[in-house]
Amino acid sequence: GATIGILGGGQLGRMLSVAAARLGFRTHIYEPAARPPAADVAHAVTTAPYEDEAALRAFASAVDVITYEFENIPTAALDLLEAHRPIRPGRRALAVSQDRIAEKDFLTGLGLSTAPYAGVDSAQDLEAAIARIGTPAILKTTRLGYDGKGQARLRAPADAAAALAAMQGAPAVLEGFVDFSHEVSVIAARGPGGEVAAYDPGENVHRDGILHTTTVPARLSPAQRSDAVLIAARILNALDYVGVLGVELFVTAQGLLVNEIAPRVHNSGHWTQNGCAVDQFEQHIRAVAGWPLGDGKRHSNVVMTNLIGEEIEQVPGLARESMCALHLYGKAEARPGRKMGHVNRVNGPARG
Ligand code: ATP
Ligand code: MG
Ligand code: MG
């Protein structure tokens with residue numbers, strides 16, 4: 001069987017490796033940190049920084065195709081890897097999703113709606129951005145943010161200096177604060193032949209900037225549901241994408257706004273493990289390997305709940321609940337804010 005190289009050895013790399021193994025593939029993880037969660041289930045692991053050219057070359061020659069669980073891989077490493085093996089999803093998806101301004105320029109260029117935004121590199125930029133966009137607003141570092149890190153909220157223009165200081169000199173983007181009723185996301189896949197399969201949108205609730213629950217079905221009208229899926233398909237096609245993509249959306253009175261995209265399997269797609277015959281991890285491996293995609297049909301209603309930090313201590317009780325599937329990542333240390341696992345509570349069959 002073929003070997004799939006995965007950049008990143010966190011829980012997403014772990015669950016991709018499990019799915020790959022079910023299909024008879026081997027996975028080889030490349031991860032700078034020692035003893036990553038994916039190491040327990042992968043066939044091979046390279047522990048080396050993304051600057052180690054010899055390690056990157058050896059990794060590339062050991063695998064047939066390269067994918068990733070994390071979008072912030074340095075460009076030089078990608079250049080080197082791509083000279084040896086195909087990277088799926090491709091470089092354009094990475095370039096667009098690594099930078100919040102490039103991402104919003106791309107999305108608005110497709111005719112999709114986002115929050116109003118402006119690049120901010122200085123106090124003068126921020127003043128001009130506030131004059132145009134107003135408050136409340138959110139200042140975010142353009143790169144490397146996740147789980148709400150690298151963000152500062154501005155309730156009023158007087159919060160500008162504190163927000164700028166929170167960026168620690170990094171390039172930033174000011175976003176108008178979207179008055180959304182709720183948040184949803186679409187997980188969708190595209191194969192190398194251009195076929196697209198989307199999962200039913202899930203409704204997301206965040207706590208302290210971190211995803212807390214995803215519920216399917218989401219509260220959406222049939223028209224909103226098809227809008228959400230069409231937005232994802234438009235993004236996939238524009239990027240000539242191969243693999244699974246996550247699209248985060250704000251539901252507003254003016255329609256759906258795109259918050260951000262993730263060129264990988266996504267936390268808000270974990271419900272598919274117990275709600276669909278082919279989950280997002282198998283779907284991603286199928287796409288990357290050039291197999292036919294599974295359809296995105298949902299057979300059950302599901303609520304996915306993340307287990308963050310010490311919430312992992314709830315596991316003995318959760319294990320006694322019926323229709324509650326546990327997915328634990330094998331992380332030793334339960335630090336605050338750390339994703340330790342998740343549960344999928346299956347709430348009966350999907351209708352229709
Ligand atoms: P992720 O872990 O999803 O990658 P992130 O650090 O990239 O998170 P965002 O998705 O940009 O952060 O923001 C986190 C959450 O903060 C959003 O899901 C939403 O609840 C809120 N938020 C972000 N931007 C806005 C905005 N412009 N208006 C209103 N709320 C926002
Ligand atoms: Mg993000
Ligand atoms: Mg997000």
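Predicted model: local features only at pLDDT ≥ 70, side-chain atom pairs only at ≥ 80, totals over all residues.
**View 1. The largest nonpolar core.** This core counts 65 residues, and the ones touching the most other members are Ala188, Ala232 and Leu245.

View 2. Leave aside residues up to four places away in sequence, and Ala188 still touches Val196, Ala197, Ala198 and Tyr199, along with Ala232, Ala233, Leu236 and Leu245. Two of the residues it touches, Ala232 and Leu245, turn up again beside Ala188 in the list of those touching the most other members of the largest nonpolar core. Another core, made of 18 residues, lies apart from that one; Ala129, Leu139, Leu154 and Ala163 are among its residues.

**View 3. What sits around ligand 1.** Ligand 1 has 16 residues around it, and Ala115, Gly145, Tyr146, Glu175 and Val178 are the closest. Sorted by class, this shell has six charged residues, five polar and five nonpolar. At least three shell residues come from domain 2 (116-176), and at least three from domain 3 (182-349).

**View 4. The buried residues of helix α4.** Which residues of helix α4 (residues 91-98) are buried? They are Ala93, Leu94, Val96 and Ser97. As for what they pack against, the partners are α3 (75-82), α5 (100-109) and β14 (255-262). An α-helix has 3.6 residues a turn, so residues three or four places apart point the same way.

Definitions and conventions. Residues numbered from 1 in each chain as written. Chains lettered and ligands numbered in written order. Core = buried A, V, L, I, M, F, W, Y, C linked by C-beta atoms within 7 Å. Buried ≥ 20, exposed ≤ 12 C-beta atoms within 10 Å, placed from the backbone. Contact = placed C-beta atoms within 7 Å. Near = placed C-beta within 6 Å. Nonpolar A, V, L, I, M, F, W, Y, C, P; charged D, E, K, R; others polar. Domains from an automatic or database assignment. Helix = DSSP H or I, 4+ residues; strand = E, 2+ residues; numbered from the N terminus.
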